[in-house]
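Here is a short note to read beside the model. Keep the sequence open and find each residue as it comes up.

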Amino acid sequence: MKNYRIINLELNMPAVRDIPDRVAREIHGARRHQIRVMKLIHGYGSTGRGGKLRHAVRRELVRAQEARQITCFIPGEQFSIFDADTQRALRVCDALRRDPDLERHNNGITLVVF
């Protein structure tokens, strides 16, 4: 059973205003397909614009967590075996142990745990 999904949100350079709906659709789809962990690639604002996509994604994930649609989310810069939420994610999705971003402190990604 595939319980891990990777979504590239920066593909096709979406507008920031479209991100909340896109993230909500991805969460809904992941829950419907019983995905346990979803990795969102959003970039980190290396162009000097401040990482607007990253901020919009994480704001939507805070809302989803408050609405109990997700268990938690892990900013890429905290994706470490020493982080409690990462340990929780590793317990529900063994494939994360082989993720190339583990221990890389990549602030261009965020992981969502269901």
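The points below go from the sheet to the helices, then to the cores and the salt bridges.

1. **Ground rules.** This is a predicted model, where local features need pLDDT of at least 70, side-chain atom pairs count only at pLDDT 80 or more, and totals for chains, interfaces and linings use all residues. Residues are numbered from 1 along each chain as its sequence is written, and side-chain values use heavy atoms, with hydrogens and water left out.

2. Two terms need defining here. Strands (E, at least two residues) and helices (H or I, at least four) are DSSP runs, numbered from the N terminus. Two strands pair if DSSP finds at least two bridges between them.

3. **Strands 1 and 2.** In which sense do strand 1 and strand 2 pair? They pair in the parallel sense, over five bridges, with strand 2 covering residues 37-41. I6 has K39 of strand 2 as its bridge partner. R5 stands opposite M38, also in strand 2. As background, strands of a sheet pair through backbone hydrogen bonds, either parallel or antiparallel.

4. **Is strand 2 enclosed or open?** Four of its five residues are buried, so strand 2 is largely enclosed by the rest of the structure. Buried means under 20% relative accessible area, exposed means over 50%, and partly exposed lies in between (1.4 Å probe, protein chains only).

5. **Helix 2 up close.** Helix 2 has 15 residues and spans 21 Å from first C-alpha to last, close to the 21 Å expected at 1.5 Å a residue. That expected span is 1.5 Å times one less than the number of residues. Its buried residues include L53, V57, R58 and L61. The buried residues of helix 2 pack against helix 1 (19-32), strand 2, strand 3 and strand 4. Just after helix 2, R68 has a positive phi of about 60 degrees.

6. **The cores.** The largest nonpolar core has 18 residues; I27, M38, L40, L61 and I70 have the most contacts inside it. Helix 1, strand 2 and helix 2 each give two or more residues to this core. Helix 2 gives the most, with five. A second, separate core of 13 residues includes Y4, L102, L111 and V113. A nonpolar core is a set of buried Ala, Val, Leu, Ile, Met, Phe, Trp, Tyr and Cys residues joined through side-chain atoms within 4.5 Å.

7. **Two contact lists.** Contact means heavy atoms within 4.5 Å. Neighbours within four places in sequence are left aside for I27, which is in contact with M38, L61, A64, Q69, I70 and F114. S80 sits in the loop between strand 3 and helix 3. S80 is buried, at 9% relative accessible area. With neighbours within four places again left aside, S80 is in contact with T86, L102 and E103.

8. **Salt bridges.** The whole structure has seven salt bridges. Each is a side-chain nitrogen of Lys or Arg within 4 Å of a carboxyl oxygen of Asp or Glu. E77 and R58 form one, at 2.9 Å from N to O. This pair links distant parts of the chain: E77 in the loop between strand 3 and helix 3, and R58 in helix 2, 19 residues apart. E77 is partly exposed at 30%, whereas R58 is buried at 13%.

9. D94 forms salt bridges with R97, at 2.8 Å, and with R98, at 3.8 Å. D94 is partly exposed at 45%, and R98 is exposed at 62%. K39, D99 and D101 are linked in a network of salt bridges.
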